[in-house]
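Reader: I have a new model open and would enjoy walking through it with you. Could we take it one question at a time?

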Amino acid sequence: MSTRRSSELPAVHEAWLPREHPLHRPRHGGKQLTALVCAVLFFAAPTVSWMLGARAEPVENRPLAAFPSPMDGWGFFTGLPPWASDNLPFRGEAVRSVDGVSRGVFGEAPSNGGSHTPPVGGGGDPAEEPEKPRLDEGVFPSVIEGENGWLYLGHDVSYKCVPRMELDRVVDGLQRWREVVEASGREFHLVIAPDKSTVHPEHLPDSFAGKQCATEAVQEFWRTVPRETGAIDMRPELRSLAERNGREVYHAIDTHWTHEGGVAMTYALAERVAPGSTSTWKVEPSRSYPHTADIPELRGQNRKVDIQAYSLAPDGGQDNTRFVPSDFQEPLRLESTPTPGMISRPTRMVADSFTQFASPYLAATFADLTIAHPDAVAREPAATAETLAEGEVVMLELSERFVAGGRYPMLDPAVAQQVGEVLARHPVR
């Protein structure tokens, strides 16, 4: 232990002491100044560019990170890096440049934030792997290049190989949702939208990072979740549709199903809510329109796919579809006068982006429907619960990769409990 008295301690920072002083510690001034300048430029560039008229463009399937609030405490400082990174100008051009250089110079696709080297559990000999390895999500690519130009979202794999919740806890959360909804006198229906890699694995490459752990997770997921939670398994119907129509029900370069998948989900839910109600429905092809595919955006590319939409007449006569663009972050209300073939019971739904390809047909067949996003449930459970309490039927559409990976905060049984407390104050008799 030092015996130096406080009066002998230096009154200035040790870096400013004379070099010959025994307590002198250099500050590496040149390196620190360079780092400081780089940090200032990094955080100032988005603001200065915005003032000059430049705007950052989203290159991923999510909104740009928002500027953190000073009310967040230390979270203000931890929130600055993602805000600055997302809002750097010409970010899309940078992503496209990296893609071009990687393909043109090295003859291969860029890693997109992941490694080309398969991680432990990604396809090697299990006997040579350590027991229950802890994987780093960063080793997985964000885009998986398949055959015949097909692209798969890397999260189909990474979320299953590096789950945030164990499957038992996910099942507990889904079961708790059913319990609290049904305890309030309401009906509960759950549908899982399968990943493209699950329904159409035939276009996947022979090997890719995470193949083994994702395959095992998919098998366990579909063996367990429908049985334990009563979830509607859309896989058989989607595969049957593809076989009957002679074309896939997912887009080659988008992660979502086609409108045919949306129609199929609408049929499945309607039959659960009102068996036999679909017997008078008439569906026919209607308009076709271009849609910006989401997976190429991860590479800074703007590529479009042709979308075939459909008309749906619940009574077999006039088309009743309504196309209302929404990401459901703000609840989307779809109300109409009931006609024969429609479901008139007030229905509330929690759904993600897969339902964007189903909402026109849900609007055509449910006379009183409101759709909210899973994020809204976790963000404002009480407010969302009040919305759900308006319905006699509560439906959930959740994506396989987010459920299997435990990525929905609403899967926490505590969130279901909060919602259940509100529903219990407004029971359906």
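Reader: Which residues does M265 touch, not counting residues up to four places away in sequence?

Author: Happy to start there, and please keep in mind that this is a predicted model. M265 and M349 touch the most other members of the largest nonpolar core, which has 49 residues. Helix α9 gives this core its largest share, six residues. Leaving out residues up to four places away in sequence, M265 touches V191, M234, W257, M349, T355, A358, L362 and E397.

Reader: How many residues does the other core have, the one that lies apart from it?

Author: That other core includes M165, L174, V180 and L396. One of these, L396, is in strand β10 and stands opposite L190. The core has 34 residues.

Reader: Let's turn to the strands. Which strand does β3 join through seven bridges?

Author: Strand β3 covers residues 187–193, and six of its seven residues are buried. Two bridges join β3 to β4, residues 232–233, and these two strands run parallel; here I192 stands opposite D233. The partner with seven bridges also runs parallel to β3, and this strand, residues 393–399, is β10.

Reader: Why do the buried residues of α8 lie on the same side of the helix?

Author: Helix α8 spans residues 235–245, and its buried residues are R235, L238, L241 and A242. These residues are on the same side of α8 because the arc they cover around the axis is only 130 degrees. In general, an α-helix has 3.6 residues a turn, so residues three or four places apart point the same way. For α8, the value to remember is the arc of 130 degrees.

Reader: What covers those buried residues, and which residues are exposed on the other side of α8?

Author: The cover of the buried residues of α8 includes α6 (196–199), α7 (211–229), β4 and α9 (259–273). Just after α8 comes G246, with a positive phi of about 70 degrees. On the other side of α8, the exposed residues are P236, E243 and R244.

Reader: How many residues apart in sequence are the parts that C161 and C213 tie together?

Author: The structure holds one disulfide, formed by C161 and C213 with their sulfur atoms 1.9 Å apart. The link is right-handed, with 90 degrees about the S-S bond. C161 lies in helix α4 (residues 155–161) and C213 in helix α7, so the parts tied together are apart in sequence by 52 residues.

Reader: Are C161 and C213 buried or exposed?

Author: The cut-off that matters here is 20% relative accessible area, under which a residue counts as buried. C161 falls in that class, and so does C213: both are buried.

Reader: Now for the backbone. Where is N148, and is N148 buried or exposed?

Author: N148 is not a glycine, yet its phi is positive, at about 60 degrees. That deserves a look, because most residues other than glycine have a negative phi. N148 sits in the loop between β1 (143–145) and β2 (151–153). With a relative accessible area of 67%, N148 is exposed.

Reader: And F328, is that residue buried or exposed?

Author: F328 is another residue that has a positive phi without being a glycine, at about 70 degrees. Its place is in the loop between β6 (304–313) and β7 (332–335). At 1% relative accessibility, F328 counts as buried.

Reader: Which side chain makes a polar contact with the side chain of E400?

Author: E400 is found in helix α14, residues 400–404, and its relative accessible area is 0%, so E400 is buried. A polar atom of the E400 side chain lies 2.8 Å from the backbone nitrogen of D195. Not counting residues up to four places away in sequence, E400 touches residues including K160, I192, T198 and F221. The polar contact between side chains, at 3.3 Å, is with W222.

Reader: To finish, what percentage of the residues of the protein chain count as buried?

Author: The protein chain has 15 helices and 10 strands. Among its contacts between residues at least 6 apart in sequence, 71% join residues at least 24 apart. Of its 429 residues, the part that counts as buried is 45%.

Terms used: Residues are numbered from 1 along each chain as its sequence is written. This is a predicted model: local features need pLDDT of at least 70, side-chain atom pairs count only at pLDDT 80 or more; totals for chains, interfaces and linings use all residues. Side-chain values use heavy atoms; hydrogens and water are left out. Buried means under 20% relative accessible area, exposed over 50%, partly exposed in between (1.4 Å probe, protein chains only). Helices (H or I, at least four residues) and strands (E, at least two) are DSSP runs, numbered from the N terminus. Two strands pair if DSSP finds at least two bridges between them. The arc is that of the directions from the helix axis to the C-beta atoms. Contact means heavy atoms within 4.5 Å. A disulfide is a pair of cysteine sulfur atoms within 2.5 Å. A nonpolar core is a set of buried Ala, Val, Leu, Ile, Met, Phe, Trp, Tyr and Cys residues joined through side-chain atoms within 4.5 Å. A polar contact is a pair of N or O atoms within 3.5 Å; within protein, one must be able to donate a hydrogen and the other to accept it, and residues adjacent in sequence count only if both atoms are side-chain atoms.
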